[in-house]
Amino acid sequence: MLKISSAVFKTPSVRCLSWWNNVEAAPLDPIVGLTELFKADSNPQKTNLGVGAYRDENGKPWVLPTVQKSEKIVMDSNYDKEYLGIVGDAEFNKLSIKLALGAGNPALERTSTVQSLSGTGALRVAGNFLNKFHKKAIWLPKPSWGNHTPVFAHAGLEVKGYRYYDENTIGLDINGMLDALKQIPKGDIVLFHPSAHNPTGVDPTPEEWKKIEEVISAQKLLPLFDMAYQGFASGDIERDAFAVRYFVEKGHSIILTQSFAKNMGLYGLRVGALSFVCESAEEAKRVESQVKVVIRPMYSMPPCHGVRIAKTILRDNALYSEWEKDVKTMAGRIISMRQALVDGLAKEGSSKDWNHITKQIGMFCFTGLNQQQVAKLREDYSIYMTKDGRISVAGLNSKNVGYVAQAIHAVSK
């Protein structure tokens, strides 16, 4: 056995040179901070409504039955572990964009799709591509997902915002939104959430989307759709893709990011796609060649396991049908919890109008609670949510929704 002298490990007489004295500690991520506070809380009734991940009726993560079946098929297939290539799994790419645009859509022939590291990775690759070939400001709805701003800012784009949410109605300010879009300079990029807007849960209606499209067309703006919740919002794959398909039908060249974290529950496997719907097939090939140049020094190639699970579901008719039922199960439970919370508040005797909770859609809900009320919920009732009053409805279940309703009524009456 090799023996190493303890002298090797003695403290050096001269202190090691530090290269990082100028590095300040970064502020704690708001969601991470909430989770740490929640874990340290000893209250048996503590409730975490901050985490953006689906939970079942028992408050536990849910691995979809179709994902379990698909993963078994993948494991039994004895795939090798070779690199997939820069664009990822070619079959998955075709299936993913077909899911978004619909089978038989003629735009499929002029679209470039690459596999990405879930939705966040797709957004970052898109940001770097735009920085190189279309360096214009990108406009986000106010508010938007907290990671949108740093993703695009780190990609070197100027990030701005357009009016979206009306705090007075706790709903969409469609007129303010349309007016704001009309002021955006020609050629700038506008990001949309096609379904289940994060963090408000407030979506435009189909008729409102048509008005939005008219403005985007008139202003000659570049639409970027961040589709993280297809199917997960309403329980209907087709319905949740309306905005994307309508813009493409009207002739727009769009950028589309997709995530399979929520609708397949593949959170930790990082499965997503980035697509460019172009003017022609030839243009799509040129765009893809440059997207590959962006990806290669960034992460080289995407992982293979999660994408094989996803494509097995998407290409197998029986599994796909079962998956649609799983998606409906998740969306349906969230919709039922929205109603249960409203009913619970009425039962507590609240005279406030809480109907915005059931009008909103998807995983998140803007409750309308202010920062003081949110702080009181945390301090007095051990109910955790972001300071803007956003809750993850997936964190509610039949065991805690009554307690949450009682607490919200107590701080808001």
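The legends below describe several close-up views of one predicted model. Residues are numbered from 1 along each chain as its sequence is written, and side-chain values use heavy atoms, with hydrogens and water left out. Because the model is predicted, local features need pLDDT of at least 70 and side-chain atom pairs count only at pLDDT 80 or more, whereas totals for chains, interfaces and linings use all residues.

**View 1. The open sheet of seven strands.** The strands of this sheet follow the order β2-β10-β9-β8-β7-β3-β4, and their pairing is mixed. Strands and helices are DSSP runs numbered from the N terminus (E, at least two residues, for strands; H or I, at least four, for helices), and two strands pair if DSSP finds at least two bridges between them. At the edges stand β2 (111-117) and β4 (159-163), each of which pairs on one side only. On average, neighbouring strands of the sheet are turned by 25° against each other, direction ignored.

**View 2. Strands β8 and β9 with helix α7.** Four bridges join strand β8 (residues 222-227) to strand β9 (residues 255-259) in the parallel sense, and T257 in β9 is the bridge partner of D226. Helix α7 (residues 206-219) packs on the sheet, where it touches β7 (189-192) and β8, and its direction makes about 170° with that of β7. Contact here means heavy atoms within 4.5 Å; axes are lines fitted to C-alpha atoms, for helices over the stretch in contact, and angles run from 0 to 180 degrees between N-to-C directions.

**View 3. The loop between β7 and α7.** A196 is found in this loop, and its phi is near 55°, a positive value in a residue other than glycine. P199 also lies in the loop between β7 and α7, and a cis peptide bond with omega of about 25° joins N198 and P199.

**View 4. The largest pocket.** This pocket has a volume of about 1200 Å³ and is lined by 43 residues, of which I31, W145, G146, N198 and R390 lie nearest its centre. Two or more lining residues come from each of α1 (30-40), α4 (118-133), α5 (148-154) and α14 (371-381), and α1 gives the most, with five residues. By class, the lining has 20 nonpolar, 15 polar and eight charged residues (Ala, Val, Leu, Ile, Met, Phe, Trp, Tyr, Cys and Pro count as nonpolar, Asp, Glu, Lys and Arg as charged, and the others, Gly among them, as polar). On a 1 Å grid over the protein atoms alone, a pocket is an open set of points with protein on both sides within 12 Å along at least five of seven lines, a cavity is a set where a 1.4 Å probe fits but cannot get out, and lining residues have an atom within 4 Å of a point. Grid points are joined across faces, edges and corners, and a volume is the space filled by probe spheres set on the points.

**View 5. The largest cavity.** The structure holds one cavity of 30 Å³ or more, and the largest cavity has a volume of about 30 Å³. Its lining consists of L99, M227, Q230, Q258, S259, F260 and N263, with three nonpolar, four polar and no charged residues.

**View 6. The salt bridge between E57 and R333.** The closest N and O atoms of this pair are 3.7 Å apart, where a salt bridge is a side-chain nitrogen of Lys or Arg within 4 Å of a carboxyl oxygen of Asp or Glu.
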